[in-house]
Amino acid sequence: MSISYRAGTFLTVAMAAALSVSTALPARADGLTVFDWSGYEDPAFFPIYIEKHGGPPDFAFFGDEEEAFQKLRAGFKADVAHPCAQSLPKWRDAGMIEPLDTTKLTHWNDVLPGLKSMKDLMTSADGTAWLIPYEWGNTVLTYRTDTVQPEEVASLKAFADPKFKDRVSIGDNVDDVYALAALAIGVKDWTQMTDEQFKEASEFLREVHKNVRLYWTDNTELSQAMGSGEIDLAWAWNETAVTLAAEGVPVAMKRDTAEGLSTWVCGYVRLKGGEGNVDQLYDYLNAVTDPAVSKYMVESWGYGHSNAKGMAAVDAAVLKEKGYGDVETFTEGTLFQSPLPNELRQKMIAEFEKIKSGY
């Protein structure tokens, strides 16, 4: 809601070298530490920050939001983190984040209206701002077009079809896998999932498990597996098909399955207890939400950017091709990964661990 997680593959050699020494460091008083999905250290996402400060911030990485939550709860220190919508209430209620000062956010008023209006995404009922949206996209059935015919993947139930035994990959990510399972059993609003539907969704994932060759943890891993022909079918982010197609690999997204696809929105929050420089924190948030980033985000990663002005400047044909022609209708017919009741999410986490272990 990674390639290195949702990763960019366009680092220059010089910048990659600079970044290699700035990972997994604790937040420091004279700098900034960003706790992120691996791949978002791509300097093309924050050129204004680099220009102003002479280099990137420090980065530390997580594989999914539950891992990030547990690490932060155990005392890990950073200044900025990158959760998605479904995790925001949990992080806020746990006291891990603090409000953003919107007067210091240069592009706050340029956030796409369709994202601003999503319940509990950016602000709480009293108007307090907790997150600034950054990117949005899908988790979607993705397949090798040279070994799989479109009619074979007309339904998400293809993931459980024995013909794809040992040829399937889904993420090692509880939110994405239960989004898949909920869609497969006909549920579009997972916040209303009943106990019976949860059981049905979990049984579907057990059937899928029989076909899984790889639970991917980052998009590099998945892209390598699909690129080599090891995997025919994946539940993946937009980025996978975009980057593989650019490399000439015959891969496509199947957006029009009978059950649909999943939609997510992610953004940045200010972590409580961060020891880094507050001015640099807002410099970073302003850099990643700058309209100049939109074109790169859409064309190279296949995701939508939160800045309305930046998205409006992207060629309309490119936006349509990537699926971002109309943000107002983007979530129609999808399962939006909105915040879940905590009890249900904890059940999903526990059950998914059992499923991966073969139980």
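Select residues 80-81, strand S3: S3 and strand S1 pair in the parallel sense over 2 bridges. Two strands count as paired if DSSP finds at least two bridges between them. Strands (E, at least two residues) and helices (H or I, at least four) are DSSP runs, numbered from the N terminus.

The model on your screen is predicted: local features need pLDDT of at least 70, side-chain atom pairs count only at pLDDT 80 or more, and totals for chains, interfaces and linings use all residues. Residues are numbered from 1 along each chain as its sequence is written, and side-chain values use heavy atoms, with hydrogens and water left out.

**Stop 1: strand S1**

Stay with the pair and show Phe35, whose bridge partner in S3 is Ala81. Now select residues 33-37, the whole of S1. Of its 5 residues, 5 are buried, and the strand is mostly covered. Buried means under 20% relative accessible area, exposed means over 50%, and partly exposed lies in between (1.4 Å probe, protein chains only).

Look for Trp37, which stands opposite Phe62 in S2.

**Stop 2: Asp166**

Go to the loop between strand S5 (132-144) and strand S6 (168-171), where Asp166 lies. Asp166 is not a glycine, yet its phi is positive, about 65°. Most residues other than glycine have a negative phi. With 33% relative accessibility, Asp166 counts as partly exposed.

**Stop 3: helices H6 and H14**

Select residues 174-184 (H6) and 342-356 (H14). Their axes come within 10 Å and cross at roughly 90°. Axes are lines fitted to C-alpha atoms, for helices over the stretch in contact, and angles run from 0 to 180 degrees between N-to-C directions. H6 and H14 are therefore roughly perpendicular to each other. Angles of 65 to 115 degrees count as roughly perpendicular, under 35 as roughly parallel, over 145 as roughly antiparallel and the rest as oblique.

Show the side chains of Val174, Asp175, Val177 and Tyr178 in H6, which meet Arg345, Met348, Ile349, Glu351, Phe352 and Ile355 in H14. By class, this contact has 7 nonpolar, no polar and 3 charged residues. Ala, Val, Leu, Ile, Met, Phe, Trp, Tyr, Cys and Pro count as nonpolar, Asp, Glu, Lys and Arg as charged, and the others, Gly among them, as polar.

Asp176 is also in H6. Is Asp176 buried or exposed? At 1% relative accessibility, Asp176 counts as buried. Leaving out residues up to four places away in sequence, Asp176 touches Thr139, Trp235, Trp237 and Gln337; contact means heavy atoms within 4.5 Å. Ser262 is 86 residues from Asp176 along the chain, and their C-alpha atoms are separated by 7.9 Å.

**Stop 4: helices H9 and H11**

Select residues 238-246 (H9) and 293-301 (H11), whose axes come within 8 Å and cross at roughly 75°. Asn238, Glu239, Val242 and Thr243 of H9 and Glu299, Ser300 and Trp301 of H11 make the contact. It divides into 2 nonpolar, 3 polar and 2 charged residues.

Keep H11 selected: 7 of its 9 residues are buried, so H11 is largely enclosed by the rest of the structure. The cover over these buried residues includes S5, H9, helix H10 (278-288) and helix H12 (308-313). End at Gly302, which follows H11 and has a positive phi, near 80°.
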